[in-house]
Amino acid sequence: MLIQCPHCGKNLSDKVKQCIHCGAMIAENEQTNPKNATIDYFSLSEEKQNALHEEFLAEFPEHKKTLRTHKTSIIISLCLYGLCLLLAVALIIVVNSSNMNNPSTGAIISLVAIFLFVIIGLITALVFTGKAKSASKKFLVISKTKDIWLQKKNIVGLNRLIDTEEREKYDSIQIDL
């Protein structure tokens, strides 16, 4: 079972005698009778996780809008990229079927269509990447907020989802709830 260190507040096993984070000694009664017993987020059922997520979004509606906006931008970017692919393929088919007597013209137009597809695809990818980078900081703030909110409910472990590249940014975010 996990308990919180009474000195630094970080989670640790109820079996240790000394905090692995700050080195403080843990009193015997805190080990045998943990008043701050916590639940691992990922041990909860998916239904309970979803219910907690909805409760979190109800309490922090500004984060709901951010999540919805990001999801919409991903869908729009993918649709634009798919449309570009369809248009390039359609252009190649039309040009090749109409220029059977002059294959070099068809090949040139096909190359132009592929070139346009790649350029439009790259522009879409750059726009999406820019939005993704700006959203990354927002998602870290949302994750940190949700993590702290869950810790107040004695639920821990959500921060395990943060990869090592983002860990330093995540740890530097200051949130007061």
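Residues are numbered from 1 along each chain as its sequence is written, and side-chain values use heavy atoms, with hydrogens and water left out. Because the model is predicted, local features need pLDDT of at least 70 and side-chain atom pairs count only at pLDDT 80 or more, while totals for chains, interfaces and linings use all residues.

**The nonpolar core**

In soluble globular proteins, nonpolar side chains tend to be buried together. A nonpolar core is a set of buried Ala, Val, Leu, Ile, Met, Phe, Trp, Tyr and Cys residues joined through side-chain atoms within 4.5 Å. Here, buried means under 20% relative accessible area, exposed over 50%, and partly exposed in between (1.4 Å probe, protein chains only). The largest such core has 11 residues: Tyr41, Leu44, Leu52, Phe56, Leu57, Phe60, Ile142, Trp149, Leu150, Ile155 and Leu158. Helices α2 (46–59) and α4 (103–152) each supply at least two residues of this core; helices are DSSP runs (H or I, at least four residues), numbered from the N terminus. Contact means heavy atoms within 4.5 Å. Beyond four places in sequence, Ile155 touches Ile39, Tyr41, Leu44, Leu52 and Leu150.

**Helix α2**

The 14 residues of α2 should span 20 Å at 1.5 Å a residue, and its end C-alpha atoms are 20 Å apart, which agrees. The expected span is 1.5 Å times one less than the number of residues. Gln49, Leu52, Phe56 and Leu57 are the buried residues of α2. They fall within an arc of 135° seen down the helix axis, so they line one face of α2; the arc is that of the directions from the axis to the C-beta atoms. On the face turned away from this buried side, α2 carries the exposed residues Glu47 and Ala58.

His63 lies in helix α3 (residues 61–98), whereas Lys144 has its place in α4. The contacts below leave aside neighbours within four places in sequence.

| Residue | Relative accessible area | Contacts |
|---|---|---|
| His63 | 10% | Phe56, Leu57, Ile142, Thr145 |
| Lys144 | 13% | Tyr170, Asp171, Ile173, Ile175 |

**Aromatic pairs**

The structure holds three aromatic pairs. Rings of Phe, Tyr and Trp (its six-membered ring) pair if their centres lie within 6.5 Å; planes under 30 degrees apart count as stacked, over 60 as edge-to-face and the rest as tilted. Tyr41 and Phe42 form an edge-to-face pair, 5.2 Å centre to centre with 90° between the planes. Tyr41 is buried at 7% relative accessibility, while Phe42 is partly exposed at 34%. Phe56, Phe60 and Trp149 form one aromatic cluster.
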